[in-house]
Amino acid sequence: MNKLRSKNIQHTKTVSQELSRFLYTPESRLRYPRLLFQQMWQDLLASRELAWQLIVRDINAQYRQSLLGIFWAFIPPILTAAGFTLAKNANVVNLGDTNLPYPAYVMFSTALWQTFTEALNSPLQEVAAAKGMLAKINFPREALILAGLGKVFFNFGIKLILIVALFIWFQMPVTWSAVLAPVALVHLIILGTAIGLLLAPLGTLYQDISKLLTVFLGFWLLLTPVIYSVPKEGKLAELVKLNPVTPLLVTVRELATTGVLSDPHGFWVVSLIAIFGLLVAWLIYKLAMPFIVERMSA
């Protein structure tokens with residue numbers, strides 16, 4: 001009898017210990033930053049396999065349901081370059097002189113701008129598309145962000161075919177600095193991801209965020225030297241200089257073509273801000289998602 005009672009007591013202690021591992025408290029996780037960042041890093045590592053599966057699934061679905069397939073990566077830059085080239089040659093607008101053939105300048109810049117906007121929209125789109133899965137399955141939320149980034153890099157890989165074709169067609173020289181262009185491109189993607197990740201929790205609850213973002217990106221494009229050269233003076237020059245995308249996009253373009261950087265200081269300042277902003281946005285995303293999922297399930 002005493003042995004049985006001893007076994008029951010031991011079993012009760014074991015169950016109690018197991019249950020204590022899943023005890024939720026009202027205390028903020030910010031009170032234990034070391035444990036929080038350890039969990040974030042562990043979740044990031046644990047989400048790699050799921051992220052890869054999501055990337056493969058979404059890319060297959062994307063091109064299975066499209067008649068033109070990968071040509072959608074080429075069409076916007078080509079049409080944009082054709083339209084503004086005609087307007088420039090007809091003296092409809094004064095877009096300034098560029099150090100590259102104008103059609104190549106616009107197509108290359110448009111491809112970079114598209115990559116930035118895809119990185120910005122990706123967190124909102126991935127989280128919104130996974131609403132059903134978020135409410136039913138407990139998995140590392142970082143998998144959605146990694147999946148979105150994977151598709152951004154995949155899409156840029158397709159655009160790279162167009163960029164290489166531009167260099168060949170317009171016989172543009174390639175300098176040694178071109179090997180550093182991917183580094184600057186990663187910084188551009190980091191900036192877009194940081195902004196999108198910061199907006200993702202609210203964008204999941206309110207569709208207005210995505211609609212406002214679409215309108216804002218159209219205005220933002222006009223303040224980015226994509227279809228015109230970087231202005232030297234005037235009100236527009238001041239706005240373009242304040243635009244955080246400008247030094248990153250221009251640096252990618254310059255590293256890939258001339259090798260002469262016009263604003264290295266601005267590039268590094270914005271890059272550091274983007275990296276720090278990504279960490280802050282990731283932290284906010286990590287803390288906010290449990291409440292967002294609970295709100296969606298209510």
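Me: Which residue does E118 meet in a salt bridge?

Reply: A salt bridge needs a Lys or Arg side-chain nitrogen within 4 Å of an Asp or Glu carboxyl oxygen. In this predicted model, E118 pairs with K159, at 3.0 Å from N to O. E118 sits in helix α5 (residues 102–129) and K159 in helix α7 (residues 142–169). The two are 41 residues apart, so the pair links distant parts of the chain.

Me: How many salt bridges does the structure hold?

Reply: Six. One of them joins K286 to D43, with the closest N and O atoms 2.2 Å apart. K286 lies in helix α12 (residues 264–297) and D43 in helix α2 (residues 33–46), so this pair ties together parts 243 residues apart in sequence. Both K286 and D43 are buried.

Me: Which residue forms a salt bridge with E142?

Reply: K286 does, and the closest N and O atoms are 3.3 Å apart. Here E142 of helix α7 is linked to K286 of helix α12, across 144 residues. Both partners, E142 and K286, are buried.

Me: Which residues are linked in a network of salt bridges?

Reply: Look at R57, D58, E126 and K151, which are linked in such a network.

Me: Now the helices. At what angle do α5 and α11 pack?

Reply: Read the angle and the axis distance together. For α5 and helix α11 (residues 245–256), the angle is about 130 degrees and the axes are 11 Å apart. Angles over 145 degrees count as roughly antiparallel, and 65 to 115 as roughly perpendicular. The α5 and α11 pair is therefore oblique. The crossing of α5 past α11 is right-handed.

Me: Which residues make the contact?

Reply: On the α5 side, they are Y105, F108, S109, L112, W113 and F116. On the α11 side, they are V245, L249, V252, R253 and A256.

Me: How many of the contact residues are nonpolar, polar and charged?

Reply: Sort them by class. The contact of α5 with α11 has nine nonpolar residues, one polar and one charged.

Technical notes. Residues numbered from 1 in each chain as written. Predicted model: local features only at pLDDT ≥ 70, side-chain atom pairs only at ≥ 80, totals over all residues. Heavy atoms only, no water. Helix = DSSP H or I, 4+ residues; strand = E, 2+ residues; numbered from the N terminus. Buried < 20%, exposed > 50% of the residue type's maximum accessible area, 1.4 Å probe, protein only. Axes fitted to C-alpha atoms, helices over the stretch in contact; angles between N-to-C directions. Parallel < 35°, antiparallel > 145°, perpendicular 65-115°, else oblique. Left-handed = near helix turned anticlockwise from the far one by under 90°. Contact = heavy atoms within 4.5 Å. Nonpolar A, V, L, I, M, F, W, Y, C, P; charged D, E, K, R; others polar.
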